[in-house]
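Let's take a look around this protein together. Have the sequence and the 3D view ready as you read.

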Amino acid sequence: MPDLTLTTFDWVPEMPRGLVRDLRVRWALEEATLPYRVASTPFGDRGPTHLAHQPFGQVPWLTDGDLSIFESGAILLHLGALSAKLMPSDPRGRSESTKWVFAALNSVEMASLPWSMFKFTGSDDGSPAAKFVDGFLKIRLKHLEPVLAGREWLAGSFSVADILMADVLRPVDRFDGLADHPACRAYLARATARPAFAKAHADQMAHFAAADAKRRAD
């Protein structure tokens, strides 16, 4: 049995499927061809056992032997240390990948997540708050666009930074938020065309579909 175990929810509603963040970890594991298993934690009962691994009651978390790691960025950096397919081996390349990991999570996702939530909840109503969120995302994409226009991948070769940046951009593209940013859109298309992404996405969707079938049977 592999030492790597990815834990995600046993079930989620339809709307977030395909976007639950265990996808990022599945994608990295598939890119690196690291053996792993998937475990489930109840969506509706986030009790002490769950909180011992993920203190905010979220998913995913990864166990590697006696290590338990939460937050998708931390998990991907851990996996990057296990596989050169996920992180450049030279110091400069590792530094480049690491800084773009944090840029994806701290500079881009902090703008893309509230924008996407406004879209998902139908709150994009032209209010001052909605306009602020929209403008904030546009500023971030404006600065990201020339970076992605000048390179195939963020750190030279494909790395965990690309997994995170692409996944951060996916919900924006879902609501056509990349329409005025062709380099961002082309970058996302390159990333999600990778077989490892297709496998990870299909596996997540199958996981929750199986949960639907179990709930109907029960």
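Below we visit a pocket and then a pair of helices.

## First, a heads-up

What you see is a predicted model, so keep that in mind as you explore.

## The largest pocket

Sort the lining by type and you get 14 nonpolar residues, five polar ones and six charged ones.

## Who builds the lining?

Two helices, H4 (91-120) and H6 (160-174), each put at least two residues into the lining of the largest pocket. Which helix gives the most? That's H4, with six residues.

## H4 and H6 side by side

Now follow those helices along their lengths. The axes of H4 and H6 come within 9 Å and cross at roughly 15°. An angle under 35 degrees counts as roughly parallel, so that's the label for H4 and H6. The crossing of H4 past H6 is left-handed.

On the H4 side they include Trp100, Val101, Leu105, Glu109 and Trp115, while the H6 side has, among others, Leu164, Met165, Val168, Leu169 and Arg174. Over the contact of H4 with H6, the residues divide into 15 nonpolar, three polar and two charged.

Technical notes:
Residues numbered from 1 in each chain as written. Predicted model: local features only at pLDDT ≥ 70, side-chain atom pairs only at ≥ 80, totals over all residues. Heavy atoms only, no water. Helix = DSSP H or I, 4+ residues; strand = E, 2+ residues; numbered from the N terminus. Nonpolar A, V, L, I, M, F, W, Y, C, P; charged D, E, K, R; others polar. Axes fitted to C-alpha atoms, helices over the stretch in contact; angles between N-to-C directions. Parallel < 35°, antiparallel > 145°, perpendicular 65-115°, else oblique. Left-handed = near helix turned anticlockwise from the far one by under 90°. Contact = heavy atoms within 4.5 Å.
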